[in-house]
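Take a look at the strands of this model and the packing around them.

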Amino acid sequence: MFDHPDFDHHEKILEVDDPDTGLKAIIAIHSTAMGSAAGGCRLWTYDSFGDARRDALRLSHGMSYKNAMADLPLGGGKAVILGPVRSEDRAGLFRAFGRAVDSLGGQYITAEDVGVGVADMKMVATETRFVSGLATGAGGVGGDPSPFTARGVRVGIEAAVRTRLGRDNLNGVRVAVQGLGGVGGHLCQELHERGARLIVADINPDRVALMQSRYQADITSVDGILLQDADVIAPCALGGAINEEVAARLRAPIVAGGANNQLLTPKAGEILADRDILYAPDYVINGGGIIMVSGEYLGGQTLETVRAQIDAIGPRLEGIFAAAKRDGRMTQDVADTLARARLMAARQIKTRITETV
């Protein structure tokens, strides 16, 4: 584990095997410097256990940076459940997952991610209180985080369009959305309402048909969506969509989407920068969901204050874009530097408090 290329001084890795329910899961805690590690639970059918471990390590690392850049009092963690899971086993399996989360004593707070919904989190909540993304509360905060993630991505796209295209609205802007699940589907609505022209693709033809019917979206293939002649490419499916070959062939001047770990390799990011393609760092632009989850879990927030925090993603990205241009750096390098500095400061404070006690 310590020699794994995606291991970044993670504080704890818990591998769970529950033979009674069939649960096989990994909970990765990257950092608790800023608070309990928070991040969603993903259910996916991986090709191998090694792929699942890699996903957990990369996603949890990204959550530390995401929460730091969103100014949340939370560390970074993530869970992955290895599929497939039969529908008749689902409730028991998520209760078992809840027990695994509870065994960490609050070091990790879970919520929804790809393949997991509110109903699943309600099962988790029967076994632990360290869970969010449940029911919407009286103030409108809570429940499915995907609409909030989509709001942040739309705000981020607007920021990128202002910076790269010099336009102050989305009227007629062509956005190619890859992946039409929770985030991608809601993003299409956000964009359509502001006059954008949509090009969409998804492995599920029913989702594609729905976007075409609702928003007059143009349709293309899953393989071709990233290479469309568009103003913005918005990856909203699984990570690693932008590999080196895709980066070299992209036709759009902006990459700004909701997926985690959009760049498969650092070299892919270098290629984008060399080609003057503006990249919105994923863990900055897609922070809307965890902002809402934090508001639900920690309390004291209204829908208005949560939306205001999400809307701050736009100015935050514009600051990153400006710094990257001024210093001749890649946008992801600027964001990484800022996130690492915040985590280091939090660790130093935590160490001083521990030493004082």
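Start at Val-175, which stands opposite Leu-198 in strand β8. The model is predicted. The pairing behind this contact joins strand β7 (residues 174-178) and β8, which run in the parallel sense over 5 bridges.

Strand β9 (residues 218-219) runs parallel to β8, with 2 bridges between them. One of the residues involved is Ile-199, whose bridge partner in β9 is Asp-218.

How enclosed is β8? Of the 5 residues in β8 (residues 197-201), 4 are buried, so the strand is largely enclosed by the rest of the structure.

Next comes the packing. In soluble globular proteins, nonpolar side chains tend to be buried together. Here the largest nonpolar core has 60 residues. Those that touch the most other members are Ile-157, Val-175, Val-177, Leu-191, Leu-198 and Val-200. Helix α4 (residues 146-165) gives the largest share of this core, 7 residues. Apart from this core lies another, of 24 residues, including Ala-25, Phe-94, Val-124 and Phe-130.

Finish with Leu-191. Which residues does Leu-191 contact, leaving aside its neighbours within four places in sequence? They are Arg-154, Ile-157, Leu-170, Val-175, Val-177, Ala-196 and Leu-198. Val-175 and Leu-198, the pair we started from, are both in that list.

Key: Residues numbered from 1 in each chain as written. Predicted model: local features only at pLDDT ≥ 70, side-chain atom pairs only at ≥ 80, totals over all residues. Heavy atoms only, no water. Core = buried A, V, L, I, M, F, W, Y, C linked by side-chain atoms within 4.5 Å. Buried < 20%, exposed > 50% of the residue type's maximum accessible area, 1.4 Å probe, protein only. Contact = heavy atoms within 4.5 Å. Pairing = 2+ DSSP bridges.
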